[in-house]
Amino acid sequence: VVVVFGSVNVDATSYVREFPRPGETVHSSGFRVALGGKGANQAVAAHLSGARVELIARVGDDANADVPMRTFAAFGLATDGVAAVPGEPTGVAQITVNGAGENTIVVTAGANAAFGAEVVEAERERIARGDVVLTQGELPTATIEALSVAADAAGARFVLNLAPPVPVAVGSIALADPLVLNVHEARVVGLGVGLDDDARPDAWRDAAASAVGALARSVVVTLGARGAVAADRTGSWTVPAPDVRAVDTTGAGDAATGTLAAMLAEGRPLPEAVRLAVAAGALAVLRQGTVDSYAARDAVLGLAER
Ligand code: ADP
């Protein structure tokens, strides 16, 4: 079982020629409402990858909560762990994309900010020995810290995607197995500090290897079109991404992380799980959208075998 303690958002995207200036009103050429939030995205990815997923999340007691609830139902994801917080809005990301493809984003954490450490206490009986417990940087840091301890105490595997890279206690990061980061997040936590974006993947692999035991139990760094690197106490690996034509990379990292958790929950070794995660990430860039662009298990396994 993959138990996801995570954020849920409604992503509301407007497409404009130019961003409005203060006081100005502009008309959009299109509008899209879709499920967002790293927790929600990763839970959908783990579910599509074949894992049994329990999503523990908080929405608001407003009409916007219908968007995530309906999307979870459409994917067949159980929602008994998704509760409404009285008086809070559902988390929202108001995204504006201009003609040059640039974006501005206003995030209202809403119910996600009300996801306190007491939820971990209340839901801890859902975590069993051998489970994968997955979370991200979009919950309060005290909640992430409580979860790391609860997962460890239950004999579960704690997978921490520190995105965004919020200041979580080093003792909690130390329990991560793996700690999953992109290159920007990696630098914030002091991994690969001297490396620039186009540094050789093997240099990132060595940086990940040197962080094992020191920073976290194991480490995965995703490198966009160049795949990912991974390291644990048994070794370190460079995993190239399949060569694909990227249409929209939104949510690719979440596809990779959710699939990684699913494959670890199946008992696959880290390098194999990362290979499948990289395949899932590559498949997620082929189409527009976030969870709508995620591939099913068979496609992920098929691409990874090639
Ligand atoms: P994030 O979206 O969190 O910044 P990355 O950009 O590192 O994360 O991408 C995560 C994963 O998505 C990569 O490891 C890779 O598997 C896949 N991916 C992203 N961009 C591409 C691309 N252009 N071609 C192929 N795979 C990609």
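Helices here are DSSP runs of H or I with at least four residues, and strands are runs of E with at least two, numbered from the N terminus. The model is predicted, so local features need pLDDT of at least 70 and side-chain atom pairs count only at pLDDT 80 or more, while totals for chains, interfaces and linings use all residues. Residues are numbered from 1 along each chain as its sequence is written.

**View 1. Asp254 in helix α8 (residues 252-265).** UniProt, in an unreviewed entry, places the feature "active site" at Asp254; such annotations may be inferred rather than shown by experiment. Asp254 counts as buried because it has 30 C-beta neighbours inside 10 Å (buried: 20 or more other C-beta atoms, placed from the backbone, within 10 Å). Beyond its neighbours within four places in sequence, Asp254 is in contact with Lys38, Asn41, Gln42 and Ala45 (contact: C-beta atoms, placed from the backbone, within 7 Å).

**View 2. Val10 and Gly37, two of the residues in the UniProt "binding site" feature (unreviewed entry).** Val10 lies in strand β2 (residues 9-15) and is buried, with 27 C-beta neighbours inside 10 Å. Not counting residues up to four places away in sequence, Val10 touches several residues, including Val33, Asn64 and Val92. Look for Gly37 in the loop between β3 (30-36) and α1 (38-48). Gly37 is buried too, with 28 other C-beta atoms within 10 Å. Leaving aside its neighbours within four places in sequence, the contacts of Gly37 include Ser7, Gly91 and Glu138.

Conventions:
Buried ≥ 20, exposed ≤ 12 C-beta atoms within 10 Å, placed from the backbone. Contact = placed C-beta atoms within 7 Å.
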